[in-house]
Each structure stands twice: as structure tokens, then as C-alpha cells.
Amino acid sequence: MRCLLLLTTCFTVTVLGFDCTNEDDGIYEIGCKSFVRCKDGEGETVECEEGLVFNEAIGDCDEPANVPAPCGNLIDCSNKPDGHYPDLDQQCHSYYTCHGGEFFGHNFCPDDLVFNEETGTCDWESNVYEPCGLLPRPPTNK
């Protein structure tokens, strides 16, 4: 029983991933499919139901048609290989995931960072190749 309690505690911390203890009430760790809602120092991870995305204007899940890009912009992944792709229309400050031909939503980079296709992470523009960053893309050898 003691081990089970420890596993449950670890799972809760991992699921939340955000400590609301010293935070004001509000929405944090925002993604298009989930977010953390803090109230009175307690955090709740909210997963949007299938077909819904986070709408910043109402602070809750909503129909994509009511939500501006990038969250309201659903991507056709039917012909894309599995992976992460930059949101070029968002100047690469967000990226989306395709897996098995399905769209798995958008993720946001922290302030001042852009998506780096080479590393699959958010990075400084000075470390990222064009069109997302400032580095000229090296010529390809054919």
C-alpha cells in the first residue's frame, strides 16, 4: 500500500506539471488541447474533449470554428510523415504534431523562442535555420 501511495503521488505531480501553490488564480501551461487552471493554490489539468480546443477568450475548451489560429486551425496530416512541424503562419512560435496520419494539435514555444525542426524543440532564432530562424539553410548536395 505504501508503494502504491508513492506512485499515485508521483503521477499527480507529473500530470499537473505546474505548481499552483504561489500562483494567482488563472490559466497556465496553455496548449491547444489542454491547460492548467489554478484556483486557491490548487491546480487542475483540463484536457479538452475530442474535437474541442482551448479558447483563450473564454478560458475554456470550445469549437475550433470559434477559436483563432493556431488552435482553431486544424491541419490535414493524412499525407504527412509522423513528426513535429512548425506553424509557419504563426512565425514558428508554435508547432503541431502529426502521427499515423492524424493531427494531434498545436504546442506553443516559450516567449521569444521558435520551433527548431532539426532538434524538434523550441530554440533561439539565432540557432535555427530559415524560415523559422536567422541561420541561412546550407545548400543540399544532390
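The model is a predicted one, and within it the protein chain is built from 1 helix and 10 strands. With a relative accessible area of 3%, His 106 counts as buried, because that class takes in residues under 20%.

**Polar contacts of His 106**

- The side chain of His 106 comes to 2.7 Å from an oxygen atom of the backbone, the one that belongs to Asn 73.
- The side chain of Asp 87 is a further partner, joined to the side chain of His 106 by a polar contact of 2.8 Å.

**Residues around His 106**

- Once the neighbours within four places in sequence are set aside, the residues in contact with His 106 are Cys 32, Pro 70, Cys 71, Asn 73, Ile 75, Asp 87, Tyr 95 and Tyr 96.

**The protein chain as a whole**

- Of the 142 residues in the protein chain, 30% are buried, and His 106 is one of the buried residues.
- Among contacts with a separation of 6 or more in the protein chain, 19% are between residues 24 or more positions apart.
- The protein chain has an accessible surface of about 9600 Å², and carbon and sulfur atoms account for 52% of that surface.

Methods:
Residues numbered from 1 in each chain as written. Predicted model: local features only at pLDDT ≥ 70, side-chain atom pairs only at ≥ 80, totals over all residues. Heavy atoms only, no water. Buried < 20%, exposed > 50% of the residue type's maximum accessible area, 1.4 Å probe, protein only. Polar contact = N/O pair within 3.5 Å; in protein donor to acceptor, adjacent residues only side chain to side chain. Contact = heavy atoms within 4.5 Å. Helix = DSSP H or I, 4+ residues; strand = E, 2+ residues; numbered from the N terminus. Areas by Shrake-Rupley, 256 points an atom, 1.4 Å probe, with all protein chains shown as cover.
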